[in-house]
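Please look through the strands of this model and how they pair. A short report follows.

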Amino acid sequence: MALSLTACGSSSSSNDSNSIAAQVEVQKAKTSEQAKRIAENLKDSANKAKSAAEQAKHAAKKAKTLADKSQSEVDALKKSISSTTDATKKAALEKSLKVKETALESAKKALSDAQQKAEEAQKSLDAHNAAVAKANNQVVELQKAEAKAKADAEAKAKAEAKAKAEAEAKAKAEAEAKKKAEEQKRLEEEAKKKTEEAKKAKDKAEKDRLEKEAKEKAEAAKRAEAEKKRLEEEAKKKADAAKRAEEEKKRLEEEAKKKPNKPVVPPTVPTPTTKTDFNSTKTTHGKEWRYIDIAKNISNDGPHNDEYVYSPYVNSSVHMPNVNVSSGSGVVNFNKLSGNQLGKFSGKATDQDYVIDQEAARNGMNYLFVNQPYSTYGVLYTPNSERPTELVTRPVAFVRVNEDESKFTGNATYKGGVIAQISAYERTASTSGWSEDNDEISWDQKDFIKDDGSVTINVKMNGTTEKPTMDGVINSKTIGQIKLTANEVEDKTTYIGAKNPIVPQIVLSKNKHEVIGKAVHARATGDYGATFGGKNYSEVVGIVGVNKYIHKGTVERADHSQGLAEIKEAGKTYVVEEYQATFGAKK
């Protein structure tokens with residue numbers, strides 16, 4: 001089994017919230033595939049727990065309505081009894097009161113039971129959600145471990161093959177050299193023997209013949225020595241060539257990993273700008289910086305770890321766009337996707353087999369992003385294979401590190417755009433005959449990706465603290481205005497060690513200026529985070545998240561207070577529950 005559910009508690013009618021609890025255990029997996037199956041089973045169980053929690057809440061609400069009604073009837077009878085002087089009428093009212101009080105006690109008991117069940121169902125849902133998160137983490141960790149084990153095994157196999165080839169080449173060269181040395185020694189011995197025979201020869205002609213033969217043997221030995229040297233040099237050249245071939249193979253493999261193996265689909269909605277030369281900001285320190293590896297995190301230590309971009313981050317209870325997470329695979333080069341241009345771009349990338357948060361982009365990875373001179377923001381996404389109306393996304397927001405030694409000062413205004421992921425639920429008229437005045441809100445989530453309006457960021461110097469502060473406003477086309485509250489822009493640069501001409505000082509998060517604050521909407525409050533960078537700190541990128549819970553199921557037709565807003569899409573009405581967006585702006 002992928003999970004274990006253990007219920008413990010009492011069967012008494014106590015209202016103690018700890019009387020019944022649900023525990024969800026996540027089975028430890030040995031492989032990522034097994035971990036995925038465990039995670040999927042947990043997700044199915046969590047969805048059932050979610051449905052049970054909603055049903056329990058609805059039942060509790062209904063029970064409260066009945067209890068309130070029963071209480072009102074009892075109160076009304078008591079009031080009538082106290083104001084009645086007619087004994088007969090008063091006796092009849094008191095008889096009715098006893099009946100109503102009995103009904104009230106039953107209603108209160110039903111309400112207590114329903115509230116306890118709702119509380120238990122919510123605890124079960126929380127436990128399931130925690131287990132799903134733990135199972136997802138297990139999948140990611142096992143995928144990392146398997147990828148590392150595979151890479152280690154391949155590297156070991158290559159090293160062993162290389163060592164074997166070099167050893168065989170060396171052994172062959174040594175064998176040939178030994179053979180030639182033995183032949184040389186034999187020839188030298190024969191030449192020596194012939195020379196001695198020549199000295200002993202009485203006949204001059206025979207002596208001359210023997211000397212000539214000895215000379216020929218000596219020359220043959222000399223040639224054998226030269227051949228031995230030639231073979232040794234040739235063996236050395238072959239070994240060197242094999243080594244260079246292996247190094248070239250490795251270089252080409254590394255280069256192939258960086259290059260796409262299919263043509264990139266050109267952007268379908270390019271809106272480039274010509275105010276800034278793209279090539280002037282395309283590279284830093286001799287390499288391109290406008291890309292992300294979906295499988296890796298970007299280091300927050302900046303240039304100290306050879307990273308030259310920063311991304312915003314907010315630790316929040318609200319669902320926030322996570323723009324720096326290692327979950328999936330594929331290297332996304334925004335220079336190539338945009339055709340080396342600045343501006344806004346959308347389309348579908350098919351040059352690699354992309355995976356976003358364990359969801360393979362089977363028909364290509366969709367994208368909508370904006371290239372500013374020193375930053376990029378937007379979103380990558382693909383449909384959820386199990387729930388096609390939902391999207392699996394990888395938000396994007398990063399800005400190049402400022403390295404021009406300029407100071408971050410106040411009194412600046414930044415303006416730019418917003419790209420949002422909107423999660424909503426369809427609202428339709430109820431089809432039940434007894435609920436003509438009601439509507440139904442679907443349980444099925446529908447996600448939308450939108451170029452969703454504008455953002456204005458203001459940076460000012462606080463006269464009291466003499467530190468820069470930021471505030472701003474997002475004008476969303478979908479849910480209206482979101483105010484970004486004023487907060488200090490903090491310099492996260494950290495120095496380790498004192499300045500020393502011999503031991504260099506370590507600098508972490510160099511010139512990283514970021515801010516975290518509240519995002520205030522008319523119907524809910526969420527969070528935002530932003531990071532500044534680029535030449536003269538001329539650009540900012542950020543993330544924002546706001547949500548408001550929607551009651552799924554039956555609602556009164558006149559009730560339009562659900563969610564963050566109601567929107568029209570393809571002739572249908574949707575209620576927005578969750579809003580997540582990335583934004584970017586320039587001075």
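Which residue takes a positive phi in the hairpin of β17 and β18? Glu466 does, near 55 degrees, and the hairpin has six residues between the strands.

## Basis

This is a predicted model: local features need pLDDT of at least 70, side-chain atom pairs count only at pLDDT 80 or more, and totals for chains, interfaces and linings use all residues. Residues are numbered from 1 along each chain as its sequence is written, and side-chain values use heavy atoms, with hydrogens and water left out.

Strands here are DSSP runs of E, at least two residues, numbered from the N terminus. Two strands pair if DSSP finds at least two bridges between them.

Strand β17 covers residues 438-461 and pairs with β18 in the antiparallel sense. Nine bridges link the two. Thr456 stands opposite Val473 of β18.

β18 spans residues 468-476. Three residues lie between β18 and β19 in their hairpin.

## The open sheet

Three strands make up an open sheet, ordered β8-β11-β12, with antiparallel pairing. β8 (328-329) and β12 (359-360) stand at the edges; each has a single partner strand, so one side of each lacks a neighbour in the sheet.

Strand β11 holds residues 355-356 and is joined to β12 by two bridges. Ile356 faces Glu359 of β12 across this pairing.

Methods: Helices (H or I, at least four residues) and strands (E, at least two) are DSSP runs, numbered from the N terminus. Buried means under 20% relative accessible area, exposed over 50%, partly exposed in between (1.4 Å probe, protein chains only).
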